[in-house]
Amino acid sequence: MSKDSILTAIRRGLKRGKLPDDQAAMLRDRMQQHPRHLIPARSRLPHAGQVDLFVRNVEKEFGTVARVADAGAVPAAVADYLAAQNLPPRLAMAPHPDLRALPWASRPLLEIREGRAEATDAVSVQHGFAGIAETGTLMLPSAPERPVTLNLLADTEIVVLRASCIVGAYEEAWDRLRAELDGMPRNVMLVTGPSRSADIEQTLELGAHGPRRLHVVVIEDTDRAA
Amino acid sequence: MHIATSSAFKENASKALSNSGLQKALARSGPSFIARRAAAAAALPEFERLRDTARDIKNHALANLDFYLEAYETKVLASGGKVHWCADAGEARDAVLAICQAAGARTVTKGKSMIGEEIAINDHLEQHGIRPVETDLGEYIIQLRHELPSHIIAPAFHLNMEDWEAAFRKAHTDLPADRTFRERRDVLIEARTKLRSQFLVADVGITGANFLIAETGSSVIVTNEGNGDLTQTLPRVHIVLASIEKCVPTLEDATSLLRVLARSATGQDFSVYTTFSTGPRRPGDLDGPAEYHVVLIDNGRSAMLGTDFQDMLRCIRCAACMNHCPVYGAVGGHAYGWVYPGPMGAVLTPGLIGVDKAEHLPNASTFCGKCESVCPVRIPLPKLMRHWRERAFERHLTPGATRTNLALWAFLARRPALYRMATRAAALGLGWMGRKTGRFAHLPLASGWTGGRDLPAPEGDTFFARYARQQRTQQAQ
């Protein structure tokens, strides 16, 4: 069987047999501890600074951001964004309890369908699990209440993210994921700005296969002075 | 099948130099890659130290590769996926075909994968009545034009707007013939529309993997377009093609490598979509594939472990080496004659298809060292090319005239007094012969040089004599 022959060939190359138990135990320990390596200093800031850095980086990568004072202001922010972009008021929304709890009734003109995205959807609303300030990256782990297709099929993706879920470095987001979710989700997308391609004459064009627009609504749920 | 034409590098290079479309593309795109990487590196004070970290992580993973691959497989199985271990390209093609046939697949979408090119999976599927559709924009036009990618992250590096228009007009005959392609955006929108329908009908999606993670059993893809994600999310079956050296221990290890990958490749701080996939759809999930297969491919890698070429297995396929290579910049990727071009190709290709078929590639270098200076995992590419040159020489693959001249040079170089005498005589003689014009349009034994340009006549003394004189002056001061 090829598995055995490949492993044998690797060990022959490394000039040793199977790792002795004590060394294997050390490597298992390393995986369990998953030590961090050098983390760039740029995101080592007070939390308010991390939120600002996150917003700056999303915008640098051609995303847009609306900052709202509380969850109650999200439906208005979404409706205003759609109107400003001349988009239809129809949303495919993640069936996430945090999103369901928003006062959508305050905007009766918004048509909301919960579930995964279909190819015909123009706008999706996704639940942001974490924001990573280092590069303005959203962490979007899959779950029944957070379908992956919402990140891919619509022309415009809107992500609702609590400021308290914004961290400095990727490593902090991984730790949150390990702490709050039951094991590695099936799919974890790290999304930095809208889809793009530079394959034609090495010149950047937005909106290749994924969303042409990425809009993040940040709920300022932390005390800015803290 | 891609028949390697690496042994015809010289002929390929001559053709490339006189290909005006290619030269236009190279002149446009080369400098921008270099500037973008430089800006990204300069914006991150820790960048050089992150390169050391990246190198150390890959070295640790390679030194324990058997352990981490087994740990990785355990995790994939636990998440409901399957791992197919394949010793060579043939086994890998058969494994992919068997999965596709079991799924009753007629259309297969593909994310960009260099190992997919290496094992020539598209041809194999086509021969068995399955239609592969490349979905990365660059790979899509490469497939339409039936050629190999000319660059590992920018497959259509060698093409210009007029080539895109021509290929699209030829392939998309269902669209109005009088439509116009005024700007790049028109090309992009047409491709997006055409490929969207393919994503929706595909039965199987095949992607590559930038990393495999032992801790979680995840495969990682990195794209800007989102095509890889559509490929692995929409069809019923997802197949990951990955070579064995992609395996790293933890999420933190992969994260550290990702910090140098995009910056070295496109000069982005981070690619748009970095996606970690772990097994098939879970209970309650509204989307995602029902089956998740990893085709794990050796194809020559294990034979590089423990040799001079082990360092090459650190490569994370960022393409910085080719972006900065003066030889690649002059002749482009196709001249290298197989899947991997540029300095990384010059080292990897002889290892994968044999130095007898790729002997020219390690010689296609000025040894300027730029590739090593930008490699995010610090692969000593010039040193590895030199090792291949030595092997080719030892195996008598080097042409007779080159061997004779090298032997003559070696004879002199080992006898410094004689060497200085000979070079002094040559410098004085040539200087005298060329004293009128200061250059030679023709010179016996130097037609390789004078065929393309004049050879300047030496002025005055040899380097050694001048150096010695300078040293004496400095000491006297």
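**Close-up views of chain B**

**View 1. Contacts of Leu257(B) in a predicted model.** Leu257(B) touches Ala54(B), Ile57(B), Phe211(B), Val248(B) and Ile316(B). This list leaves out residues up to four places away in sequence. The model shown here and in the other views is predicted.

**View 2. The largest nonpolar core.** This core holds 184 residues. Five of them touch the most other members: Cys247(B), Leu257(B), Val295(B), Ile297(B) and Val347(B). Helix H12 of chain B gives the most to the core, with 8 residues. Helix H12 covers residues 251-265.

**View 3. An open sheet in chain B.** The sheet has 6 strands. Their order is E1-E10-E7-E4-E2-E3, and the pairing is parallel. Strand E1 (82-86) lies at one edge and strand E3 (131-134) at the other. Each edge strand pairs on one side only. From one strand to the next, the twist averages 20°.

**View 4. Strands E7 and E10 of chain B.** Strand E7 spans residues 237-243, and strand E10 spans residues 291-297. The two run parallel, joined by 7 bridges. One bridge links Ser243(B) with its partner in E10(B), Ile297(B).

**View 5. Two domains of chain B.** The domain assignment gives domain 1 as 44-299 and domain 2 as 414-476. The C-alpha centres of domain 1 and domain 2 of chain B lie 53 Å apart.

Note on methods. Residues are numbered from 1 along each chain as its sequence is written. Chains are lettered from A and ligands numbered from 1 in the order in which they are written. This is a predicted model: local features need pLDDT of at least 70, side-chain atom pairs count only at pLDDT 80 or more; totals for chains, interfaces and linings use all residues. A nonpolar core is a set of buried Ala, Val, Leu, Ile, Met, Phe, Trp, Tyr and Cys residues joined through C-beta atoms within 7 Å. A residue is buried if 20 or more other C-beta atoms lie within 10 Å of its own, exposed if 12 or fewer, and partly exposed in between; C-beta atoms are placed from the backbone. Helices (H or I, at least four residues) and strands (E, at least two) are DSSP runs, numbered from the N terminus. Two residues are in contact if their C-beta atoms, placed from the backbone, lie within 7 Å. Domain bounds come from an automatic or database domain assignment. Two strands pair if DSSP finds at least two bridges between them. Axes are lines fitted to C-alpha atoms, for helices over the stretch in contact, and angles run from 0 to 180 degrees between N-to-C directions.
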